[in-house]
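Biologist: Please show me how to read a protein model, one feature at a time, and give me the general idea before each case.

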Amino acid sequence: MTSSYKQKKNWIVRQSNANDKEAVEALLRLCYTNLLSNDYEEELLQTALPLLCCARQELLTSATWYVVEDADTRTIVGCGGWTPKSPLGEAIPHLRHFATDPKQLRKGVARAIWDRTWEDWCKASRDSKEVPQMEVFSTITAESFYASLGFEKVRDITIPIRDDCQFPAVLMRRPHIG
């Protein structure tokens, strides 16, 4: 049986910064335009993609949001990270705005971001008296990726992108284990 998982490269994972805005927006457009079309209607994507593909300044400068560079070309091929609160302001750590260049899928890009996120999350929750959890608002497309990281589906949700655009997604949660 042949695996579709390709050889991993040595990716450079680093904290993002405001100077990454243009490259991150290009990556978000490339990723979401190519990957979401199998699971979402074209009309919805025409409305949602211009909003989903904006790099958020608060993430770029958060110190817990990362970009992945190809070690050979220094091109940004992935992005994502976490924030201590959800996008809705709830006090639960939340994965945010993951994306991978479609040509680099299944080569460990998103996993490299997850590994860095896990390390940070473990450090941040070390002194917590309660068992912390992390959530993600996953696209339908990315649900299997997050499941591979130990996230479990809580329920289907819709995210209000704007008044006339409700984006179907999946609320997933992962307990902090080990």
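Modeller: The names come from DSSP runs, numbered from the N terminus: helices are H or I runs of at least four residues, and strands are E runs of at least two. This is a predicted model, in which local features need pLDDT of at least 70 and side-chain atom pairs count only at pLDDT 80 or more, whereas totals for chains, interfaces and linings use all residues. Residues are numbered from 1 along each chain as its sequence is written, and side-chain values use heavy atoms, with hydrogens and water left out.

Biologist: Is Arg 74 buried or exposed?

Modeller: The general idea is a pair of cut-offs: buried means under 20% relative accessible area, exposed means over 50%, and partly exposed lies in between, computed with a 1.4 Å probe and protein chains only. Arg 74 has a relative accessible area of 52%, so it is exposed. Its phi angle is near 60°, a positive value in a residue other than glycine.

Biologist: Which value does phi have at His 97?

Modeller: Phi of His 97 is near 50°, which is again a positive value in a residue that is not glycine. His 97, however, is placed in strand E4, and with a relative accessible area of 19% His 97 is buried.

Biologist: How many helices and strands does the protein chain have, and what pattern do they follow along the sequence?

Modeller: The chain has five helices and seven strands, and reading along the sequence gives β-α-α-α-β-β-β-α-β-α-β-β. With 178 residues, a compact globule would have a radius near 16 Å, and the protein chain agrees because its radius of gyration is 16 Å. Buried residues make up 44% of those 178 residues.

Biologist: How do I read the contacts of the chain as a whole?

Modeller: Contact means heavy atoms within 4.5 Å. Of the contacts in the protein chain with a separation of 6 or more, 64% are accounted for by residues 24 or more positions apart.

Biologist: Which residues of helix H2 are buried?

Modeller: The general idea comes from the geometry of an α-helix, which has 3.6 residues a turn, so residues three or four places apart point the same way. In helix H2 (residues 42-52) the buried residues are Leu 44, Leu 45, Ala 48, Leu 49 and Leu 52. Seen down the axis of H2, these residues fall within an arc of 110°, so they line one face of the helix; the arc is that of the directions from the helix axis to the C-beta atoms. The face of H2 turned away from the buried side carries the exposed residues Glu 43 and Gln 46.

Biologist: Against which elements do the buried residues of H2 pack?

Modeller: They pack against helix H1 (21-35), E4, strand E6 (152-162) and strand E7 (165-175).

Biologist: Let us go to the loops; where is Gln 104, and which residues does it touch?

Modeller: Gln 104 has its place in the loop between strand E4 (94-100) and helix H4 (109-125). Its relative accessibility is 13%, so Gln 104 counts as buried. Not counting residues up to four places away in sequence, Gln 104 touches Trp 11, Val 77 and Val 109.

Biologist: What does Thr 64 touch?

Modeller: With the same exclusion of residues up to four places away in sequence, Thr 64 touches Gly 81, Trp 82 and Thr 83. Thr 64 lies in the loop between helix H3 (57-60) and E2, and at 16% relative accessibility Thr 64 counts as buried.

Biologist: Is Ile 159 buried or partly exposed?

Modeller: Ile 159, which lies in strand E6, counts as partly exposed because its relative accessibility is 23%. Leaving aside neighbours within four places in sequence, Ile 159 is in contact with Phe 137, Cys 165, Gln 166, Phe 167 and Ala 169.

Key. The radius of gyration is taken over C-alpha atoms; the globule rule is 2.2 Å times the number of residues to the power 0.38.
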